[in-house]
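Trainee: I have a new structure to look at, and I'd like to learn how to read it. Could you take me through it feature by feature?

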Amino acid sequence: MLGLRALTTWGCIVVLGAAFSIGCAAPAETVSGCAEVPHGDHPKALLTNGKLDALVFLPDSRNGYYRSTRFDWSGVVGCVSLNGHKFFGEWFTQYDPLKNDSITGPVEEFRSDDLPNGQSGQRPGELAVRAGAIGYNEARPGETFLKPGVGVLRKVDDSPYQFGGAYPIVDGGAWAVKAGKRSVRFRQVLRGPDGYAYVYEKTLTLEKNEPVMTLRHSLKNTGKKAIETYVYDHDFFMLDGKPTGPGMVVHFKFEPKPVGEIGAAAKIEGKDLVYVDGLAPRKGVAGYLTGYSDDIRDYDFTVEDTRSKVGVQQTSDHSVARLYFWSTQTTICPEGYIKLNVAPGGTSHWTLRYRFFAPAS
């Protein structure tokens, strides 16, 4: 095992040079609206800016809330609270830290197009819908591929990549975590297979005196091969745990155009996706959407319960490269993809901003 180096800051222990970290707690006098969540006995940080409270689970290879291979391990938000209203939570029925979808909050996945060897890109007007991972197609069974935010994974057979599949983690890299009163910073250093290597950083901040949570990212390519990938936030929005149905609306800055059928429980009205019926078990509203432009202002999605006036607006400093929409009885997820192409020695930066709103109690 790598040697450990620990330091204390803001009452938290930060472990450097290892693929795990130790939980941080808010000061004893702080009463957090997110202090208690299901399965909250994992390493975590409690943050507050005086308006928003947030509970953030920390990456930990032995005791972490999430230890599977689909989503980035950093910035797993178990709860955000504003004016007594709660956002995010366990949208699933059975929790298992090794299950790929047992995760909460605006979690991120790095995903590449799964194209045959020798092909690249898309034909004009075509949406690539097959999920892939960096280096997966080139790897033979038993060899390795890359999922940033997770690590180096092993390919188990000749089957196409399955984002919900179980792949052994060969190397989770070295995680460092630094938590303060209203922010937590994550850093993963990894040297992967076949010339892939990176330094990935994410800082989750509750902005001062605002009901805003910001995710600032950087991905530095320290390897010999370009890192070409998409990254998106799945979001898993929940508004006070209310079921998805009439009264729930998703506002866009453009007129969304479904690619095929998205489900009978919702319809498009101008720039809004409006739920007109409740969702049946195991059935949802989902599908690719187009209609956006290259304008950064089109990366702007607001999920709102119009009855309670509770909601969250998501924006970015990047344009939408692809947009998938997914919702079930328990969660609503506008998945805006950002495209990254990081040359060796280069660094990409991107930021996401979440503005929460709710009436005062």
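This is a predicted model: local features need pLDDT of at least 70, side-chain atom pairs count only at pLDDT 80 or more; totals for chains, interfaces and linings use all residues.

Trainee: Let's begin with the sheet that holds β3. In what order do its strands come, and is the pairing parallel or antiparallel?

Mentor: In general, strands of a sheet pair through backbone hydrogen bonds, either parallel or antiparallel. Here four strands make an open sheet, ordered β3-β4-β5-β6, and the pairing is antiparallel. Strands are DSSP runs of E with at least two residues, helices are runs of H or I with at least four residues, and both are numbered from the N terminus. Two strands pair if DSSP finds at least two bridges between them.

Trainee: Which strands stand at the edges?

Mentor: Those are β3 and β6 (85-87); each has a single partner strand, so one side of each is left without a neighbour in the sheet. On average, neighbouring strands of this sheet are turned by 15° against each other, direction ignored. For such angles, axes are lines fitted to C-alpha atoms (for helices, over the stretch in contact), and angles run from 0 to 180 degrees between N-to-C directions. As for β3 and strand β4 (residues 52-57), they run antiparallel and are joined by five bridges.

Trainee: How many helices and strands does the chain have?

Mentor: There are zero helices and 26 strands. Of the chain's 361 residues, 55% count as buried. Buried means under 20% relative accessible area, exposed means over 50%, and partly exposed is in between (1.4 Å probe, protein chains only).

Trainee: Which cysteines does a disulfide join?

Mentor: The general idea is that a disulfide is a covalent bond between the sulfur atoms of two cysteines. The cut-off used is a pair of cysteine sulfur atoms within 2.5 Å. A search of the whole structure finds one, and this disulfide joins Cys-34 to Cys-79, with 2.1 Å from S to S. The pair links distant parts of the chain, 45 residues apart: Cys-34 is in the loop between β2 (12-16) and β3 (44-48), and Cys-79 is in strand β5 (residues 76-82). The link of Cys-34 and Cys-79 is left-handed, with -65° about the S-S bond. Both Cys-34 and Cys-79 are buried.

Trainee: Which residues have the most contacts inside the largest nonpolar core?

Mentor: In soluble globular proteins, nonpolar side chains tend to be buried together. A nonpolar core is a set of buried Ala, Val, Leu, Ile, Met, Phe, Trp, Tyr and Cys residues joined through side-chain atoms within 4.5 Å. The largest one here has 92 residues, and those with the most contacts inside it are Val-80, Val-184, Met-213, Tyr-275 and Phe-356. Strand β25 (residues 332-342) gives the most to this core, with six residues. Leaving out residues up to four places away in sequence, Met-213 touches a list of residues including Leu-52, Val-80, Phe-88 and Phe-356. Contact means heavy atoms within 4.5 Å.

Trainee: What joins the side chains of Ser-327 and Tyr-275?

Mentor: A polar contact of 2.7 Å. The term means a pair of N or O atoms within 3.5 Å; within protein, one must be able to donate a hydrogen and the other to accept it, and residues adjacent in sequence count only if both atoms are side-chain atoms. Ser-327 lies in strand β24 (residues 322-327) and is buried, with a relative accessible area of 1%.

Trainee: Last one: where is His-39, and what is its phi?

Mentor: Most residues other than glycine have a negative phi, and most peptide bonds are trans. His-39, in the loop between β2 and β3, has a positive phi near 55°. His-39 is partly exposed, at 36% relative accessible area. Asp-240 also isn't a glycine, and its phi is positive, about 55°. Look for Asp-240 in the loop between β16 (227-233) and β17 (248-252).

Key:
Residues are numbered from 1 along each chain as its sequence is written. Side-chain values use heavy atoms; hydrogens and water are left out.
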